[in-house]
Protein chains: 2
Amino acid sequence: MSYEIEVTLAESRKAKPNVNELAFGTCFTDHMFMMDYTPETGWHHPRIVPYAPISLDPAAVVFHYGQAVFEGMKAYRTKEDKILLFRPEKNMERLNLSNERLSIPPVNETFLVEAIKKLVSIEKEWVPADEGTSLYIRPFIIATEPYLGVRPARTYTFIVILSPVGAYYAEGINPVSIYVENNYVRAVKGGTGHTKTSGNYAASFKAQEEAQKHGCAQVLWLDGVEKAYIEEVGSMNVFFKVNGEVWTPALNGSILAGVTRDSVIQLLKEWNIPVKEKRISIEELYAAYTDGTLEEAFGTGTAAVISPIGSLKWNDKNLVINGGESGSLSMKIYDTICGIQTGEKEDPFGWTVEAE
Amino acid sequence: MSYEIEVTLAESRKAKPNVNELAFGTCFTDHMFMMDYTPETGWHHPRIVPYAPISLDPAAVVFHYGQAVFEGMKAYRTKEDKILLFRPEKNMERLNLSNERLSIPPVNETFLVEAIKKLVSIEKEWVPADEGTSLYIRPFIIATEPYLGVRPARTYTFIVILSPVGAYYAEGINPVSIYVENNYVRAVKGGTGHTKTSGNYAASFKAQEEAQKHGCAQVLWLDGVEKAYIEEVGSMNVFFKVNGEVWTPALNGSILAGVTRDSVIQLLKEWNIPVKEKRISIEELYAAYTDGTLEEAFGTGTAAVISPIGSLKWNDKNLVINGGESGSLSMKIYDTICGIQTGEKEDPFGWTVEAE
């Protein structure tokens, strides 16, 4: 395909909002990136165009058979007004893993990192400057062919939209209560839990409502087979500090390989803190809690970076972790990753990439 | 909501195709039904409008989190030129079951059956007359709110599109080869397998490709927990005739409650043929095969009605059923249901409904 990106600038620009008054994911910038796929020409016509509604045949496969994948990443403004992306190549690599599972044709990862950098450069003014703020980047692919037979579509559109977001922890980090879910299942080996496909998320809404009914912010997902082993928390990976060691569920085919998860593991290794990717049963975690060795728990993901867990509701038990306070290791990881993302701390891993 | 359906007729009409030359689900009629949902007014503005592309914000929840459900049903033309629907109230009932699981607001089932009848009446000329042909009806709901937070959308659109379809068995019924899938999983208890949500289908494409690589038309899905018990075949329910009895997997929370499945069970009971809804392991089926009591196997669904299974590939075994021929019970069920659907046979169950 031609790697020339056609650029059509918007005739007028929207006013920039006060991002700290915005709900996440409700405000979008002036432009978006698009490209199309047909079997004859492959991915083609990469373009940056004004942000606008897209028009699809009502029979488009994405509406009926959910053939869609996405990624989530962020751009940060440094004190020197540079714009940094955090490990964008990891997101494009994972996008292709999702594509493979969902029978969507692969994309050129290197080209798309460049395309995203170009889009972010054009929208540079939309990257907010306040502490904790960022520009959320949402690449996604939808199947566009109008066809009701049950088979992969022949045509697709790849789109990147951008949304300025306020500080996740505008009022300081508050550890959350988590509900251990025994009925609903997020994913199972042989399914799509290890991918970022749209259907995984709609399937999780019901459990989230259940958690909220129990006064909890999110769900702790157990495995779909034995309902005994910990998988994820909400749409984040999960870590536990037990007796000086850090545990996280091993990637087993139904857990998403989070970019933040990977970054946390690398940091812990760098700091010589023992980290184990292993199968963790809720019983084993409860045993650590009762013998007093469960020291910290936190979720990891692009939106929050680190989300400390203050308590776990499991059947009639309520496990209060670290007195319901954010743990010191959780906070050290949070400060380090955020520092690297915003250019305030050294980046020994080469994680950040400048957008132009 | 107002139950007055606003009708805007198309200014020109498309030429009717020769349906027997059409691929399934590629040609759509002149009009579609739509209505919208907002939290303030509920479902509102029911309307029949010219078939046309729909315009959505690129941040619409359906593209990112797959919050979408659908149904599939058919209208048939009788010899007297009446148009019959087959058990449409069952489809609307199931739509609400899907809605409940996917956190989509419920619809008024009775009103929607009337709306579908009205749409089909307006498109009456599109219902083909040749034997085996029909007008496929696809109601579906998509989440339209532009919002990237992970929670149910606040706005939805319900749409019904119509597609004339040729005879499923234009060249006579040919039993298919089925591949017993050991790796990919369709659904698990606690998930969404019992609903018609879009994500279930995209997740199944990969296994379908795998089946085709093995020279098979479709996949036999085993349960996601033990990978031992039979669930569905492709996107159909499955039945086995063993030693004069008919077995079908019991609805266990991960199997779709097919309308054709229910109709087959009712017919068998009417005919005093023993029918058991039970857990069926692939081992048990293989034992029946080896002792010569596996007499017939067939899938059931709206598209094919009955799809006889000629053989099952299970690891290194190839179970040829009934000499690879359609069984006599399979054919009797097929003839009876098709006869009722097209008004050629008596309808003792009251399954058919005239569209005006």
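Which residue is the bridge partner of A:Leu56 in S4(B)? I looked it up, and the partner is B:Ile54.

I am working with a predicted model, where local features need pLDDT of at least 70, side-chain atom pairs count only at pLDDT 80 or more, and totals for chains, interfaces and linings use all residues. Residues are numbered from 1 along each chain as its sequence is written, chains are lettered from A and ligands numbered from 1 in the order written, and side-chain values use heavy atoms, with hydrogens and water left out.

Strand pairing. S4(A) and strand S4 of chain B (residues 54-56) run antiparallel and are joined by 3 bridges. Strands (E, at least two residues) and helices (H or I, at least four) are DSSP runs, numbered from the N terminus; two strands pair if DSSP finds at least two bridges between them.

Extent. I find 60 residues of chain A in contact (heavy atoms within 4.5 Å) with 60 residues of chain B. The two chains bury about 5,000 Å² between them, 63% of which comes from carbon and sulfur atoms. Buried area is the accessible area (1.4 Å probe) that two parts lose on being put together, summed over both. A:Pro58, A:Phe63 and A:Phe205 supply 14% of what chain A buries against chain B, more than any other three residues.

The rule gives 2 salt bridges across the interface, taking a side-chain nitrogen of Lys or Arg within 4 Å of a carboxyl oxygen of Asp or Glu. I noted the salt bridge of A:Glu100 with B:Lys206, whose closest N and O atoms are 2.9 Å apart. On the side of chain A that touches chain B, elements supplying at least two residues each include helix H2 (88-101) and strand S8 (134-143).
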